[in-house]
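Hello,

Here is the structure I promised to pass on to you. Please have a look at it first, and then read my notes below.

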Amino acid sequence: MTYNEPVFGLNDFNAPKMLKGNDVLINTFLMICFGKPGCFPSMPEIGLNLQRYFYQFEDSIDEKAIKSALALQCSLLTSDIESGNIDVKVVKNEDGKTTLLIVAPTAEEVANNILVIGITSGAKNNVIYNYEIMQSSFA
């Protein structure tokens, strides 16, 4: 499927910036993860504010609650993520910092990819993340 979504800003040619393909999916998923409830006015329940977990005790990160909330919110915004198959894990890095890993398979219509996001805290206690779209080994 081909997706186009306008975003605020201009592209390199000073035309309205448009996200395409997987970038639309990534943008939607990141908005769910990092948005605060109420940030999307027409759907005030959207937004998990995951960064708040990195300013609390590590034991307070509830993988099951995050997984359920992600599944619900993804099902409200897009059918391109297999919300029932999202996986959430809390792992320790080599330096002892907590990392939240989220694996979200995309629907077959979106080429059976897997969106993987890692969220952790940086040297200055700021929240940092990285993501990648990977080919599913089950395709």
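Let me start with a hairpin. Strands β3 and β4 run antiparallel and are joined by six bridges. Within this pair, V90 has L100 of β4 as its bridge partner. Five residues separate the two strands of the hairpin, and G96 in the turn has a positive phi of about 85°.

Before I go on, some notes on the basis. This is a predicted model, in which local features need pLDDT of at least 70 and side-chain atom pairs count only at pLDDT 80 or more, while totals for chains, interfaces and linings use all residues. Residues are numbered from 1 along each chain as its sequence is written, and side-chain values use heavy atoms, with hydrogens and water left out. Helices (H or I, at least four residues) and strands (E, at least two) are DSSP runs, numbered from the N terminus. Two strands pair if DSSP finds at least two bridges between them.

Now the sheet. It is open, with four strands in the order β3-β4-β5-β6 and antiparallel pairing. At its edges are β3 (87-92) and β6 (127-135), each pairing on one side only. From one strand to the next, the twist averages 20°. Nine bridges link β5 (residues 113-121) with β6, again in the antiparallel sense, and L115 stands opposite I133 in β6.

Helix α2 (residues 63-77) lies across β3 and β4 (98-105), running at about 145° to β3. The axes here are lines fitted to C-alpha atoms, for helices over the stretch in contact (heavy atoms within 4.5 Å), and angles run from 0 to 180 degrees between N-to-C directions.

Finally, two asparagines may interest you. Most residues other than glycine have a negative phi. N14, in the loop between β1 and β2, has a positive phi of about 60°, and N49, in the loop between α1 and α2, has one of about 50°. N14 counts as exposed because its relative accessibility is 63%, whereas N49 is buried, with a relative accessible area of 15%.

Enjoy looking around, and write back with any thoughts.

Best wishes

Technical notes. Buried means under 20% relative accessible area, exposed over 50%, partly exposed in between (1.4 Å probe, protein chains only).
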